[in-house]
Amino acid sequence: MANLQEKPAWEAGIYQLETSDPVLGGPDGIDNLQAKQLANRTVFLKKQVDDLVSGALTAEYADRLKTPRNIAMTGDGSWNVTFDASGNASAAMTLSNSGVTAGSYGQMTVDAKGRVTAARAIVPDDVPALDWSKIASGKPTTLAGYGIADALPMRPQLGDKQDLNAIVDDGLFHNPKNIFALNGANYPASEAGMLFVYSDDSMVYQQYQCFSESGLWFRCRYNGNWSAWKRLVHADAAGRAFSQTFRAAKGMPGNDNATTGFAFDTDGDTGLFADASGSNPNTGTNNLSLHIDANKVFNVNKAGSISTPAYGALEDKFASKNDLKTAIDGVVAGAPGALNTLQELAAALGNDSNYAATITKQLSGKADRATTLAGYGIIDGASKADLKTAIDGVVAGAPGALNTLQELAAALGNDQNFASTVAKTLASKADKATTLAGYGIVDGITADRISRRNLIRDSGRFIPVEAALDNPITAAFSNQSAMVALAIPDYQQTVTVANVGKFIHDNTSNGGTKGELTAPVRELLATFPARKNFRYGSEFYVAEFNCGALTYSPDIEDGIRRCAAASYGALTEGNITFMLWLRCKKGSVRLDVTSHKNGKPTSNPIVTPADGWVHCAGIANWEGGYSISHIRAEDNSVFQVAMSAALSGNHLGYVHEAPISF
């Protein structure tokens with residue numbers, strides 16, 4: 001007897017024996033079919049169980065592991081969990097300590113696996129010395145962006161029909177058009193210009209600088225009330241300056257370099273001067289005098305006495321009212337009331353300057369003519385010669401414009417108390433001073449508060465012009481800066497320029513750490529009259545110009561030929577004040593516009609080695625919207641230049657001790 005053949009297969013169904021089925025055995029007999037199908041299913045299920053037990057088959061639908069497992073992680077972090085597959089498992093991972101103390105740091109060290117192995121705070125040396133152009137983003141465009149809170153910001157331009165009373169915020173406001181000022185309200189003048197505004201508590205200060213000849217104006221608002229605009233100073237097209245008041249120092253002039261009184265041009269000893277007497281020069285003055293080339297030609301003392309060297313005291317030359325009356329009484333003694341003045345006599349003669357000739361002509365046709373009074377037998381009449389002698393006695397020595405009583409009275413303003421009037425007028429005048437405070441002026445602005453802007457783009461630092469606005473402090477020396485060397489082939493002169501020193505911010509020479517100053521820079525600083533801080537400040541270079549041989553130049557002064565060796569200019573209309581620090585090491589040089597040295601007027605523009613560092617300044621106006629200044633040097637000269645500047649307007653007398661920014 002044999003067994004059925006079984007195979008591991010899942011039969012789709014179990015055959016149902018029918019009543020009509022025959023009885024048939026054997027492997028394929030119908031009677032064995034049901035048993036065979038059930039046996040196949042049984043073998044299939046057994047194989048599935050065996051595969052699960054052996055691991056050959058994954059139990060996709062088991063609800064847990066027979067033996068729970070421990071899952072763990074080690075290394076830079078530790079983590080472990082027991083898992084039996086009955087549900088999700090989770091646990092917190094603990095990171096290993098890196099050795100770095102917890103905190104916030106600006107500087108960290110990271111290894112190849114991204115782990116922080118060290119950390120510290122940022123120190124100044126960590127900040128790289130990047131060129132400003134390399135910083136692609138994050139650069140502020142405003143004062144606030146740099147944290148600057150004490151500067152006046154540049155505000156939007158003023159528009160048409162703007163009311164200046166409404167502008168009370170700090171800042172600089174530009175009005176680009178005259179028509180805006182004409183259509184606007186509360187402008188001081190109908191001109192384009194720059195408005196400066198500064199406010200503090202209940203006060204607002206405004207200053208308006210006109211672009212042309214209307215000058216500089218200022219006013220203030222206090223507790224909501226605006227004061228009237230006042231003009232500080234202005235100059236017309238001819239360069240003449242105007243102001244509400246000018247003051248001068250007391251003292252007599254000694255020569256053209258005098259710094260007292262009101263003098264003319266560079267002739268310092270020709271003008272009006274007041275002496276300083278007593279212990280207080282502000283109040284003590286005995287004499288007010290007019291001088292020509294240091295010679296006193298007219299004087300008024302505090303007692304009202306007027307004198308000249310040629311005539312002495314004029315009161316001795318003029319008669320008093322009683323003296324005049326006595327003299328005139330002597331002339332007109334006995335004359336009738338209607339004929340006791342020259343005017344009445346002239347009227348009586350028909351105001352005829354040729355009266356005698358007229359009468360002679362009228363009498364010429366009369367009978368018994370005669371040519372003299374005696375010819376008519378008249379013995380009590382005055383002849384023409386007698387009249388002339390009498391009048392000459394009254395007006396003897398008087399000039400033609402002061403030889404009548406009427407002319408004398410007019411000259412004295414028809415004032416019978418002329419002497420006391422003059423004394424009273426002089427007593428009401430202010431004593432001379434040299435400052436606004438000296439005159440008690442509280443609504444004026446002093447020269448040191450007038451805004452100044454350099455018209456040359458490198459601010460006189462000898463750096464590239466194109467770098468001046470980007471990085472004016474750290475830019476390197478350039479011989480292609482705003483001041484250029486001039487080589488004129490026709491004169492066979494060559495000029496080279498070199499760097500001989502730099503003023504370094506936080507320099508070692510004065511207690512800093514950034515480097516020593518060269519001798520030319522230290523010697524320049526020692527020349528400054530007022531500056532005290534030599535450690536910090538805007539950086540600038542000192543340039544040295546070496547001039548070659550000069551065979552010819554049309555520029556001859558004090559017998560020496562000089563040629564233009566360097567120049568710089570500015571593009572603007574009107575007066576430009578050119579100024580710079582200049583030292584001659586060999587030969588002699590001059591800034592061609594020089595009218596002031598070290599802030600004082602001078603008639604000698606030449607600078608020689610014996611002068612050392614000299615501040616030279618002068619005004620040029622070439623018209624046409626630009627002006628240029630030249631440094632002229634003699635044969636084989638060597639000279640040094642620092643902090644060249646070109647300022648719009650008149651700034652003579654001002655000595656700068658740091659670069660003036662563009």
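Tutor: In this predicted model, a cavity is a set of grid points where a 1.4 Å probe fits but cannot get out.

Student: What volume does the largest cavity have?

Tutor: A search of the whole structure finds one cavity of 30 Å³ or more. Its lining consists of Asp256, Asn257, Thr266, Pro601, Thr602 and Ser603, which divide into one nonpolar, four polar and one charged residue. The volume of the largest cavity is about 40 Å³.

Student: Are the rings of Phe462 and Phe477 stacked or edge-to-face?

Tutor: The ring centres of Phe462 and Phe477 lie 6.1 Å apart, and their planes meet at 25 degrees. Centres within 6.5 Å make a pair, and planes under 30 degrees apart count as stacked. The pair of Phe462 and Phe477 is therefore stacked.

Student: Is Phe462 buried or exposed?

Tutor: The relative accessible area of Phe462 is 2%. Because the cut-off for a buried residue is under 20%, Phe462 is buried.

Student: How many residues apart in sequence are the parts that the pair of Phe503 and Phe540 ties together?

Tutor: The rings of Phe503 and Phe540 are stacked, with centres 5.6 Å apart and planes at 10 degrees. Both residues are buried. Phe503 lies in strand β20 and Phe540 in strand β21, so the parts tied together are separated in sequence by 37 residues.

Note on methods: Residues are numbered from 1 along each chain as its sequence is written. This is a predicted model: local features need pLDDT of at least 70, side-chain atom pairs count only at pLDDT 80 or more; totals for chains, interfaces and linings use all residues. Side-chain values use heavy atoms; hydrogens and water are left out. On a 1 Å grid over the protein atoms alone, a cavity is a set of points where a 1.4 Å probe fits but cannot get out, and a pocket is an open set with protein on both sides within 12 Å along at least five of seven lines; lining residues have an atom within 4 Å of a point. Grid points are joined across faces, edges and corners, and a volume is the space filled by probe spheres set on the points. Ala, Val, Leu, Ile, Met, Phe, Trp, Tyr, Cys and Pro count as nonpolar, Asp, Glu, Lys and Arg as charged, and the others, Gly among them, as polar. Rings of Phe, Tyr and Trp (its six-membered ring) pair if their centres lie within 6.5 Å; planes under 30 degrees apart count as stacked, over 60 as edge-to-face and the rest as tilted. Buried means under 20% relative accessible area, exposed over 50%, partly exposed in between (1.4 Å probe, protein chains only). Helices (H or I, at least four residues) and strands (E, at least two) are DSSP runs, numbered from the N terminus.
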